[in-house]
Amino acid sequence: MDKLKIILLGTQKFAYSQFKKIIKKYKKNIKGIITKKGKNKIKYLAKKNKINLFQIKNKEEIILLFKNKLIKLNINLIIIVEFGIILPKFIIKIPKLGCYNIHPSLLPKWRGPSPIQYSILYGDKITGITIIKINEKIDEGEIIFQKKCNILKNDNYNSLYNKLIKLSKKIINKIIKNIYLNKIIKIKQNNNNISYTYKIKKNDGEIKWGNSANKINRQIKAFYKWPKTFFYYKNNIVFIWKIKINKKNTKKYKIGEIVDYNKKYLKIQTGNKIIKITKIQLNNKRKMKINIFFNSKQNFFIKGYILK
């Protein structure tokens, strides 16, 4: 394995956890870590382990970095995790062993930047991780490894994200070894099962009360980290963190109507059922269980008020 020369590319927590695991076994083989400019844990990981750190802002800067510095190092393997910049053909062709990306979905399902959120939003029961040999197109490369992961009823973005981190950490070093020893099997993606995700925007978190209660519940779980799920009430933004759903459908109330507000619940009519909100947060305030919120603001929510 002495001839193995690796460059790691990544920015977020998912990348940090994988890189930490890789460094533990392949530290002497790692010739550099590339991450985006700004505060992140990866730069501290590089400094702690005395690994060359390169911080870049965009595609143009990474091209210059490879042309001016990294191409001279005879890199033969690139590992990419949650990096956010599409590599040009020039860089993809540099390592003889290839460029590989860890993607948190079962490709070709949920290509793109938001696979974990979409898996929850659309009520998937199973997701997983896929490792692909990348090409110039987004998440379309040949698959070299897949592992499934169940999405449980109470999973939200945070819990599912952490489960997928643990799943990929278990196998990443073995995958690197198999790539080096040419023991991988490359499988083309099935073009009949493609689905795409898009970058989540802040206004995606706003509740549309005409949606079903289950869809709103999935929205809360999918956007648990960001942008969070919220509605506007008079001059306030109200974030919802936890709800219960009435079993029976009802058309007794108008969509978006505040049905009740008490020490137990804030009840609101959706497109089919009443949701019972048990944990909320006003903008720039701390999260509160509804009973604590009610004790301090008994007249805050008005029964019969129609939310837009």
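The text below goes through these backbone features in a predicted model.

Most peptide bonds are trans, and most residues other than glycine have a negative phi.

**Loop between strand 5 and helix 5**

Strand 5 covers 99-103 and helix 5 covers 115-121; Pro108 is placed in the loop between them. The peptide bond leading from Leu107 into Pro108 is cis, and its omega is near 15 degrees. Trp110 also belongs to the loop between strand 5 and helix 5. Although Trp110 is not a glycine, its phi is positive, at about 60 degrees. Is Trp110 buried or exposed? Its relative accessibility is 7%, and buried means under 20%, so Trp110 counts as buried.

**Loop between helix 7 and strand 8**

Pro227 sits in the loop that runs between helix 7 (213-222) and strand 8 (229-233). Trp226 and Pro227 are joined by a cis peptide bond with an omega of about 5 degrees. Lys228 lies in the loop between helix 7 and strand 8 as well. Lys228 is a residue other than glycine, and its phi is positive, near 70 degrees. With a relative accessible area of 23%, Lys228 is partly exposed.

| Peptide bond | Omega |
|---|---|
| Leu107 to Pro108, cis | near 15 degrees |
| Trp226 to Pro227, cis | about 5 degrees |

Technical notes:
Residues are numbered from 1 along each chain as its sequence is written. This is a predicted model: local features need pLDDT of at least 70, side-chain atom pairs count only at pLDDT 80 or more; totals for chains, interfaces and linings use all residues. Side-chain values use heavy atoms; hydrogens and water are left out. Helices (H or I, at least four residues) and strands (E, at least two) are DSSP runs, numbered from the N terminus. Buried means under 20% relative accessible area, exposed over 50%, partly exposed in between (1.4 Å probe, protein chains only).
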